[in-house]
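Thanks for coming. Please have the sequence and the picture open.

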Amino acid sequence: MVRNVRAEWTGTLLVCGKCSKKLDGGFGPKGREPLGKALRRHLGLKKGRKAATGIVEVKCLGICPKGAVTVIDGADPHSWKLVAKGADLDEVVETLNLQPR
Ligand code: FES
């Protein structure tokens, strides 16, 4: 039996947590924040199901780029993205078509 749990998400982003760990953060004002956390803060997202977009850290996705983080946009799963360390978050938001709140 499957039950539903309501969520406010309008999109889902899967971010490789291991890539972020290998970069020792790599994003945010001091370059010490993992990509997922930096994006959540940059977009002013609420937590969990109440957020407008779900940004979920996942295990290794098997790409393992050097100096970048693997990201999958749930709306475009045919084209995985590699976000370079220290990338401008405004550009990342625009490229991934995330809407700031
Ligand atoms: S470590 Fe991120 S894809 Fe493997």
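Let's begin with E33 and what surrounds it. Setting aside the residues within four places of it in sequence, E33 is in contact with G25, G26, F27, G28, A38 and R41. One thing to say before I go on: this is a predicted model, and the values I quote are computed from it.

Where does E33 sit? E33 is in the loop between α1, residues 17-22, and α2, residues 35-43. Is E33 buried or exposed? With a relative accessible area of 17%, E33 is buried, because the cut-off for that word is under 20%. Its side chain also has a polar contact: it pairs with the side chain of R41, at 2.8 Å. So that you can find them, R41 and A38 are both on the list of residues that E33 contacts.

Staying in that loop, look at D24, which also lies between α1 and α2. At 53% relative accessibility, D24 counts as exposed, whereas E33 is buried. D24 is not a glycine, and its phi is positive, near 55 degrees. Most residues other than glycine have a negative phi.

There is another such residue further along the chain. C64 has a positive phi of about 50 degrees, and C64 is not a glycine either. Its place is in the loop between β2 and β3, where β3 is residues 68-73. C64 counts as partly exposed, at 39% relative accessibility.

Now the helix at the end of the pattern, α3. Which residues does L89 touch, leaving out those up to four places away in sequence? L89 touches F27, L35, A38, L39 and H42. L89 is found in helix α3, and L89 is buried at a relative accessible area of 9%. L89 and L35 are 54 residues apart in sequence, but their C-alpha atoms are 9.0 Å apart in space.

Also in helix α3, which covers residues 89-95, is V93. V93 is buried, with a relative accessible area of 7%. Take V93 together with V5: they are 88 residues apart in sequence, and 27 Å apart in space from C-alpha to C-alpha.

On to the strands. C16 is in strand β1, which runs over residues 11-16. How buried is C16? Its relative accessible area is 2%, so C16 falls under the 20% cut-off and counts as buried. Not counting residues up to four places away in sequence, C16 touches V58, K59, C60, L61, V69 and T70. C16 and G54 are 38 residues apart in sequence, and their C-alpha atoms are 14 Å apart.

T53 is in strand β2, residues 53-58. T53 counts as buried too, at 9% relative accessibility. Apart from its neighbours within four places in sequence, T53 is in contact with W9, T10, G11, T12, L45 and L98.

Let's step back to the protein chain as a whole. How many helices and strands does the chain have? There are three helices and four strands, and along the sequence they come in the pattern β-α-α-β-β-β-α. The radius of gyration is 13 Å, close to the 13 Å that the globule rule gives for 101 residues, so the chain is as compact as a globular protein of that length. Along its principal axes, the C-alpha trace spans about 40 × 30 × 20 Å.

Of the 101 residues, 36% count as buried. Among the contacts with a separation of 6 or more, 62% are between residues 24 or more positions apart. The accessible surface comes to about 6900 Å², and carbon and sulfur atoms account for 51% of that.

Last, the charges. The protein chain has 19 positive and 10 negative side chains. The centres of these two sets lie 11 Å apart.

That is what I have. Questions are welcome.

Conventions: Residues are numbered from 1 along each chain as its sequence is written. This is a predicted model: local features need pLDDT of at least 70, side-chain atom pairs count only at pLDDT 80 or more; totals for chains, interfaces and linings use all residues. Side-chain values use heavy atoms; hydrogens and water are left out. Helices (H or I, at least four residues) and strands (E, at least two) are DSSP runs, numbered from the N terminus. The radius of gyration is taken over C-alpha atoms; the globule rule is 2.2 Å times the number of residues to the power 0.38. Buried means under 20% relative accessible area, exposed over 50%, partly exposed in between (1.4 Å probe, protein chains only). Contact means heavy atoms within 4.5 Å. Accessible areas come from the Shrake-Rupley method with a 1.4 Å probe; for residues, only the protein chains shown count as cover. Lys and Arg count as positive and Asp and Glu as negative; His and the chain ends are not counted. The place of a charge is taken as NZ of Lys, CZ of Arg, CG of Asp or CD of Glu. A polar contact is a pair of N or O atoms within 3.5 Å; within protein, one must be able to donate a hydrogen and the other to accept it, and residues adjacent in sequence count only if both atoms are side-chain atoms.
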